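Please have the structure open as you go through them.

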Amino acid sequence: MPHSQRQQVCSRGQRSSHLPLVLALLSLAAQPSQAAIEIPSNYHISNFKEPPVITKQPESVTVFGVEDFVMSCEASGNPPPNFRWTKDGEEFDPGNDPELKVVNPFTFYTLSNTVDTLKKYEGRYVCYASNELGTAVSNEAILRTDVPPSQQKEKKASLKAEEGNSMVLKCNPPQSSMEPIIHWMDFRLHHIQLSDRVMVGKDGNLYFAHLTLEDSRNDYTCNVQYLMTRTILAKQPISLNVYPSNSLRNRRPQMMRPSGSKSTYHALKGQTLELECIVQGLPTPKVIWVKKDGELSASRTVKDMFNRRLRFNDISENDGGEYQCIAENTQGKATHTYVLTVEAAPYWIKEPVSQLYAPGETVRLDCQADGTPAPTISWTINGIPLSATDEDSRRIVTSSGSLILKDVNFGDTAIYQCRASNKHGNILTNTNVYVIELPPIILTEDGKTYLHTEGQKASLECETFGSPKPKVMWERGTSLLSDPRVNLLINGGLEISNVTHDDKGLYTCYVDNTNLSISVELEIFNRTVILSPPQAQKVQRGSTAIFTCVALVDGNLSLPLIQWRKNNQKLFESHSDEKYTFEGPNLIIANVEEADEGVYTCQVITTVDMAEASSNLTLCDRPDPPGLLQISDSKHRAVTLSWTPGDDHKSPVQEYVVEYEDQISKERRWEELQTVSGNKKRVVVSLWPYMSYRFRVIAINGVGKSEPSKPSEIHNTQAEAPDSNPEDVRSESTDPGTLLITWKKMDKRNFNGPDFKYKVQWRKAVGSGPTWHMNETTAPPFIVRDVGNFSAFEMKVQAVNEIDDGPEPDPVIGYSGEDVPLEAPMSVGIEEKNSTTIKVVWAPIDKETVRGLLLGYKIHLTRTGSRGHHRGRRSREPENTVVVEAGPHDVKKTISHLRPYSHYVLAVAVFNKKGEGPLSQEMPFKTDEGVPGPPASLSLDSPSETEMNLRWMPPAQPNGILTGFLLQYHQITERADDNSMQMETIDNPMVTHFTLKKLDRHSHYRFYLRGRTKAGDGEPIIMMGATTLDGAPPANISLAVGENSVNVSWIAKKRHRSIDFHIHYLNMNGFSKWKKSEKVNSAQSFYQLQGLSPGSRYHLLLIYKNVSFWGDYINTEGTEVMEMQQNFATQGWFIGLVSAIVLLLLILLILCFIKRSKGGKYSVKDKEDGPMDSEARPMKDETFGEYRSLESDLEEKRTASQPSLCEASKLCSEDNLDFNGSSAITTELNLDESLASEGQEGFHSLPDNSPLNPTTIPSATNSMPNSVIILD
């Protein structure tokens, strides 16, 4: 074998040593059967040889002209293939034919100019492409010749027919291998109007089911169009004259095309077939299509030409059978049966695969085809039939058509053709068997990461290439073969179904017996779950619908995308009309309309999975009112109501409410009579006698109530005697000697007739005999007087009307009115049990003296005061009376919760419904001494870190004579069992304070203080507290800096005494000295330091007892105001020099003034009276400019009028010569409550002579006022 079939290649990576192989599978690279064997682009191989592959098949063609004659075939391969042709099974070389031109090895066409010379080239052509690896065979291409259709000479036809008859206008298109397209038109080239009465047949003729007078015209023209030759032939116009009929009769349907009652059709699978059914008749028949023993395929059948054609698209064997066209009109019907047989040309079920093979392997080429009739399978090698080659025992053709090649070698490299044939044609496939040795390579990238969620199917890729086929192995720390979820893929990949978190980790794929391997990582996340899916919404038009979708997403994933869809179309947030708004998990649909109805889906999309849930939005409304309300089947006290339901507007009716209105009643209002289930349309309603009814019905659905239906007609019921008597007949007698009989008033609907009344009857229950007293009334109650106190009576009330009395009522027992009892209980006694409880006893009362129903006894108990107070003081105490009730059969009562050490009086009375009788004689008694109540108050005060003062008030209820106090206390600790109680006994009851010493300064305590009497210790008052610690500087200091101030805030320490401290500050921008604030108390929590300069840097220190406990630097806001720095103008020597110069100038001015006065050049008086000339000021400035520059800015405010340069002149004043007269200006500012920002500095001491502790404050020497606040 040539060594070229042992190719060398570079391979990826090396495999490190691992555990023994766990999984193994054979990787196959399946390719299309007629495609070349594809070599991966990253498989580096030089000059790789490839067998030929047909890339362009020659096509069958019908030649109408010389320009149509082209036969072409293309193929690829390396080395490039050689081409040859056969025609009708014989070798055909187009290069040897002088009338053919070969453009390239695989394309030729004719050089002839006449069509007649093409007839000899008709036949079946096959193309062969060959190189050293084999020969590929093309499909068979058929070349036919035909003459283009041409216009035929015809005579113009004129037809005449009677109205109502059928008619056929012949088209007779020219014969051609092409199928024509027929257009019936008039001379204006307008199409003839087609209908179910007038239509075009498949034969091109124009059929009339029956003629009308409007069908008369002389320009029926058949135009025949051939698409392939781009030809349209116009036939001779046909003239049709329809004349009226004297006896136009209807006719039953008759078949025009096809004729007869049955026809047979044959079709091949995949073709398009049309069945035609054109009928005549008057009136125009209607046509329906049916399939016997089956149903028409909705996907492959289409009805056309006004239901006169049944077209099958992509017909299949299942469409075979019998079909019927049934035409029917008022006169009868006609039926035509179509027997359809569908056969199939051969088509592939399974095609063999082109593949690389290594020497010694066994090759199986499976080739299976189907068709009707069943095709036969045959094999060729490089285009040569298998039977014509040398017999080889290694080649076997199975009964199913497969070809098996055993123990292949390089000589078996070839192209194998499988051909399937039946009477309808044949198909062929080329399969490349390439025996070669290629080193293996792993094509999948190393280090890939696969992301999946629990429950998904994970596919780990490991694509390989090589010859022989690489044997792929997978391994992991645990065995994979034993897991039924693991599946080995044919392409070398590993598939894991229903993955869990246990499956995450590294997986290694490698090729057996090589050092090639890759590793991939599998990461598993929690599955995305929709916790709250959107719920179905039924809303009214114009309202707002809200769908909510809440999901749970793995926390290791990024935030999911929530995508909303309507009817599977994406929704986007609306900005113009605000129809759709997305707010977190909510989809808000505003102003709902019909177009908004549909299925809304929430999709929660992460990088690894997606969860979705859907729900419906339905536009609904209140139902329409029921209609056609009718009364029927009238009976004694019932009628049947029926109605027609209105539109429920997509919200089913839940119930109907039947209402009535009594036309006799003065009130005349609609009342509910009965409710009916929403699926009912009729109901039997019960009625009351003596009423005039009108009915109406209201429908109710999930949205609300409908409007009422239109009222029914009036229905009257006859008067009858009452059916029932009033209920709850009873006595409510309250006045002595009277019997008040009352009852529940009857509903007017139960009066049953006119002149309704109540017949009231009564008699004594004992000793009065059978006689009943009787009276009538129209309403309760009825009163009988002078019947004695609390006497028993039988009573009954009967309903009567004009027709008759109601049923006989049963009597009930009632009593006449009661009076208050006459006597008090006798033999009242008291037995004391303890200091808070007594037992009271008495003799039973004579019931005759009760004068009513004995309800019980009332014990009146009054506390008159404490035993510890003297008589006068006790009399001033408010008395408090308590009433305790006892039952009618009781003769004793125990009373608890009395106040110990108190005076009481007690009396007992009898009571009935009318009230209480007289009280028994008061009985005084007193209670013994008891334990006291808790002290009235307790307060704590700590004078030092280890001492606590307790102050209290005595108990408000001593319940005896106080003998002292018991003080208990213990430390509060976290340990529940650490409850060591300490005790102090105070024997003097007058003591109201006590000091505890040697307490733990770090602990909190709980204190219990109790009062004491002879009876024992009382209830404690409890308080928690701790000693107060010595004062300490504040902590957690923060600052808030402004433009002219800074807020300093701190947190005062709990339990510490307050202290006073100062805030010292220094302006770092100038030469100023340290300043300090007023005293600041630590209990204030904040302080505002004011008067700072804007845009300046300050150093702050907090000083307590001459020690700094905090410091910081701040920068005030705003723009810095520059202060004049101290210069030589403020020095003493300079001031003296200036003073001397000023003195000399004054002398010169005096001399000048005297000289001018003597000269008399101007009047001094004039200068004093008039203002200074404006021109004099510049002269003054020039004359005294040097002098003026030394003056302060106040000189600018001099007036222009000067009586004299010395007299009243400010130049001569001493004040004006003091340039530093304004030494310092201090302004007092108020504090505000602003908080300060935080800053802190450690403690450090200051010396006594430090500038932070000045004894005097030097005056400012600047020429500008100093705005800094100085507070001592």
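1. Where pLDDT is low, the predicted coordinates should not be read in detail.

2. Residues 870-875 also stay under 50 in pLDDT, with five contacts beyond four places in sequence.

3. Please keep the ground rules in mind: this is a predicted model, where local features need pLDDT of at least 70, side-chain atom pairs count only at pLDDT 80 or more, and totals for chains, interfaces and linings use all residues. Residues are numbered from 1 along each chain as its sequence is written, and side-chain values use heavy atoms, leaving out hydrogens and water.

4. On confidence overall, the chain averages a pLDDT of 83, and 85% of the residues score at least 70. Among its elements, the mean is lowest in strand β1 (residues 23-26), at 30, and highest in strand β17 (residues 206-208), at 96.

5. The chain has six helices and 96 strands; these are DSSP runs, numbered from the N terminus (helices: H or I, at least four residues; strands: E, at least two). Of the contacts with a separation of 6 or more, 67% are between residues 24 or more positions apart.

6. For a local example, take strands β87 (residues 1035-1041) and β88 (residues 1046-1051), which run antiparallel and are joined by five bridges. A hairpin of four residues links β87 to β88, and alanine 1040 stands opposite asparagine 1047 in β88.

Definitions and conventions. Contact = heavy atoms within 4.5 Å. pLDDT = per-residue confidence, 0-100. Pairing = 2+ DSSP bridges.
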